There are 2 protein chains.
Amino acid sequence: MTSDGNRQITLSQRPVGYPTESDFSLVESPVPHPREGEVGVQAIWLSLDPYQRGRIRGGASYAAPVELGEVITGGVVGRVIESRTPSFQVGDIVEGPLGWQEYALSDGRNLRKVDTTMGPLPTALGVLGMPGMTAYFGLLDVGQPKPGDTVVISAASGAVGQVVGQIAKIMGCRAVGIAGSQEKIDYIVDELGFDAGINYKTENLDTALATACPLGVDVYFDNVGGVVTDAVLEHINTFARNVICGQISQYNLEEPEPGPRNLGLLIIHQARMEGFLVFQFAHRYEEGRQRIAGWMKAGKVKYREHVVEGLENAPRAFMGLMRGENFGKLLIKVSGE
Amino acid sequence: MTSDGNRQITLSQRPVGYPTESDFSLVESPVPHPREGEVGVQAIWLSLDPYQRGRIRGGASYAAPVELGEVITGGVVGRVIESRTPSFQVGDIVEGPLGWQEYALSDGRNLRKVDTTMGPLPTALGVLGMPGMTAYFGLLDVGQPKPGDTVVISAASGAVGQVVGQIAKIMGCRAVGIAGSQEKIDYIVDELGFDAGINYKTENLDTALATACPLGVDVYFDNVGGVVTDAVLEHINTFARNVICGQISQYNLEEPEPGPRNLGLLIIHQARMEGFLVFQFAHRYEEGRQRIAGWMKAGKVKYREHVVEGLENAPRAFMGLMRGENFGKLLIKVSGE
């Protein structure tokens, strides 16, 4: 499906619980043209990420919410098709938060030129983009793994989790991934080299963790929260670091779900729990990108993408992301490269 | 009440929920005499502390539990009355974990000589003892307050909390205490110089926190957990440090009490939560003691003790401690100084 206009996905109503198709609208407007100081970008790849659920919730958070009728927030890799700033040339491949739409304008402040020699274009939204940076800084700076540590990762086959586990292995750690299907478990163990995988849908978490982490858990990289996190906390070691990256199990609840008050475990184990947003490491993204790119070249970091064709399919793909139906970094192919 | 023997309080059964008198026994045995390498100590002051609830629970924790029939764990200041080691002389005032009893033996490993010039004897169990060290290292090393930060303290008039708030003031912070009576609030504000106090039993925590912490909460020093902690977390600032020192609201529950799954707040605020045991700072106790003693001398750190006379009253006093009925550091006066 193509059109002569600019197709956009906007927020038609705030989701209650899991998002549904009717929360989104596909609208079309004229392709915008840059004013002085701006560039016009045609989207090629659109990134779908769990944080977007927070943006369409409304209410105060670390970023302003998407308002009703506005284009949904999202990272995009695209091509500069018009430029009225010396900073960008027509044909440049750029990455930035341009949203769920085919064409966008930017004043360049949030836009970066993609070094296309580092990897295929969509990696700028995945392993070499925000999820990769999240994995790199979240694990290394917040989690501070030491060789021999056991690192447990929830949503382990996801865009962030798959990178966390591989970096943990590079750092000499035991990597244990938690995911929701045998296919995902097989992937992280057989393809990515995790030491063990736990299927949270079919296994008893407590016994599976005891088996997979015979020496306990030193670093827990949490993308999901809820019962998975409750279970992992029962296995943490003294001075454990719990990196709170995401809590996707909680994002689509109509009513907040109570859980055990287990902060006493942090005392007993003298353990830390820390939430972070990747933006705090923005000044070091180049470091992260270079190191991950180096590991990719050396065959030590692989990645898996889940590609859905066509902007119009973004809402349905996003609904699947909320339920863990994607397998790898979820991307929308908006137009040809 | 005195006797010629060694009166001891032992654990007769493990408490279910709040401890009751029948969980404890008052027994009497002969006064023990040291063997080669040991000292005999007569207890003067016994410290009652919330951690002791964990020790009589049974089950694995950071320390072995008190077994049925054993003397309850507790810090003691006493006088050496017999010595068969060159390390201690008869008459020395010593402090160590000698338990709820009038006389005890020690091989000296857990015993320290008390510098009686630093403060009255019971301060070795309070402001210059374990609670003071807990306050000092918990606030400064774990909480890392900066001048201008707002520091909120739960159980603010307790042995640890009262010291935390005063050190927070010394560090140039705004100190806000949460306690369970108007008398306690008046004390921490009028006597100790806290900037504000919140009575968690009579005030709406959310609105009271908003009023008392107009710039939000940078450091939360938590001694209680439960609904108080749930409320404070809703007010934390970016990069907030939540020092998890105690969770007394949870220690006497027959069934674990569920609470909101609010770890997402740590992400949004990029905040840290850290549990600790004071023992991790044992190599720096002398630093902590010297600094607090200096502040005491300068009139910048005051303290309040709640003294109960007679070992036989320890169980009842401990039961009161579990319900917040003490007002200040709870001590049993076991014998005359």
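Which residues of helix H4 (residues 182-191) of chain B are buried? The views below take this up, along with the chain pair and the domains.

This is a predicted model: local features need pLDDT of at least 70, side-chain atom pairs count only at pLDDT 80 or more, and totals for chains, interfaces and linings use all residues. Residues are numbered from 1 along each chain as its sequence is written, while chains are lettered from A and ligands numbered from 1 in the order in which they are written.

**View 1. The buried face of H4(B).** Lys184(B), Ile185(B), Tyr187(B) and Ile188(B) are the buried residues of the helix (buried: 20 or more other C-beta atoms within 10 Å of its own; exposed: 12 or fewer; partly exposed: in between; C-beta atoms are placed from the backbone). Helices (H or I, at least four residues) and strands (E, at least two) are DSSP runs, numbered from the N terminus. Down the axis of H4(B), the buried residues fall within an arc of 160°, so they line one face of the helix. The arc is that of the directions from the helix axis to the C-beta atoms.

**View 2. The other side of H4(B), and its end.** Here Gln182(B), Glu183(B), Asp190(B) and Glu191(B) are exposed. Just after the helix, Gly193(B) takes a positive phi of about 85°.

**View 3. Two domains in chain A.** Domain 1 spans 6-126 + 304-333, and domain 2 spans 130-280 (bounds come from an automatic or database domain assignment). Their C-alpha centres lie 28 Å apart.

**View 4. Chain B laid on chain A.** A turn of 180° and a shift of 0.0 Å along the axis give an RMSD of 0.0 Å (least squares on C-alpha atoms of residues with pLDDT of at least 70 in both copies). That is the relation of a two-fold axis.
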